[in-house]
Amino acid sequence: MRLYHLSIAILAAALAACGTETAEAPAPQASDTPSVARPDVAVEGPERRILAFGDSLFAGYGVGEENSYPALLEDALREQGINARIANAGVSGDTSQAGAQRLAFTLDAQAEKPDLVILELGGNDMLRGVSPDQTRASFEAMLGELRQRDIPVLLMGMRAPPNYGPEYQTQFDRLYAELASEYDAELIPFWLEAIYQDPSLFQSDRIHPTVEGIEALVADTADEVAAALPPVN
């Protein structure tokens, strides 16, 4: 099991910024990191459609959607020879409850049924002190919707900081593994593992990764995403 410990200072900064992390957040082009146009990697074979459903960590907050985790992940998968096309459905500020409210609409809006949904939510629940029971209920609603539609899921796990108290930490930390087991979903236990100890890989808000941080996350998780894709029929 991957381990995660946030300092009280980082958590305090995150809580302070949490109230401003909304859909009306500053435009991504305000980032200090310039956007770089990347040539499309030509790949043969059937197209693999992935829906990246999450919050600002997927939306590209501060770096632009073109430098977001889903965008760089698509590049990495295509470099592996996987004809991946990833739709970015990240919304800054979303809690798991907000995600549950928009999931069905988002799925209905896709031109074709996704081969895989990458589900990345829960960080804002933790930062706002949402009850783990409420977070669990929201995830159950989303996973139930995806099960009903027969869409495979990869859960991107988060971990709670110790200063919320051992009871909250224990309840939150076990959510992802228990839900993955119950709903037969694939799981990355803590998907920020590769960067959380390196402040240089975070923007000045100390919450959102820089482009370099996102590149490190993609390098660390691309193989697990590839493995979560169902076999081609």
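Q: Where does pLDDT stay under 50 in this chain?
A: Over residues 1-36. This is a predicted model, and for that stretch it has 63 contacts beyond four places in sequence.

Q: And what's the mean pLDDT of the protein chain?
A: The mean is 86, with 83% of the residues reaching 70 or more.

Q: OK, on to helix H3. How many of its residues are buried?
A: 10 of the 11, so H3 (residues 69-79) is mostly covered.

Q: What comes just after H3?
A: Glycine 81, with a positive phi of about 90 degrees.

Q: Switching to H6. How far apart are its end C-alpha atoms?
A: They're 24 Å apart. Helix H6 has 17 residues (132-148), and at 1.5 Å a residue it should span 24 Å, so the two agree.

Q: Which residues of H6 are buried?
A: Pro132, Thr135, Arg136, Ser138, Phe139, Met142, Leu143 and Leu146. They cover an arc of only 165 degrees around the axis, which means they sit on the same side of H6.

Q: Why would residues three or four places apart point the same way?
A: Because an α-helix has 3.6 residues a turn.

Q: So what's exposed on the face turned away from the buried side of H6?
A: Asp133 and Gln148 are the exposed residues carried there.

Q: Which residue with a positive phi follows H6?
A: Aspartate 150, with a phi near 60 degrees. Aspartate 150 is not a glycine, yet its phi is positive. Most residues other than glycine have a negative phi.

Q: Buried or exposed?
A: Aspartate 150 counts as exposed, because its relative accessibility is 59%.

Q: What's the phi of arginine 206?
A: Positive, about 65 degrees, although arginine 206 is not a glycine.

Q: Where does arginine 206 lie?
A: In the loop between strand E5 (186-188) and H9.

Q: And how does arginine 206 count for accessibility?
A: As partly exposed, because its relative accessibility is 42%.

Methods:
Residues numbered from 1 in each chain as written. Predicted model: local features only at pLDDT ≥ 70, side-chain atom pairs only at ≥ 80, totals over all residues. Heavy atoms only, no water. Helix = DSSP H or I, 4+ residues; strand = E, 2+ residues; numbered from the N terminus. Expected span 1.5 Å × (residues − 1). Buried < 20%, exposed > 50% of the residue type's maximum accessible area, 1.4 Å probe, protein only. Arc of directions from axis to C-beta. pLDDT = per-residue confidence, 0-100. Contact = heavy atoms within 4.5 Å.
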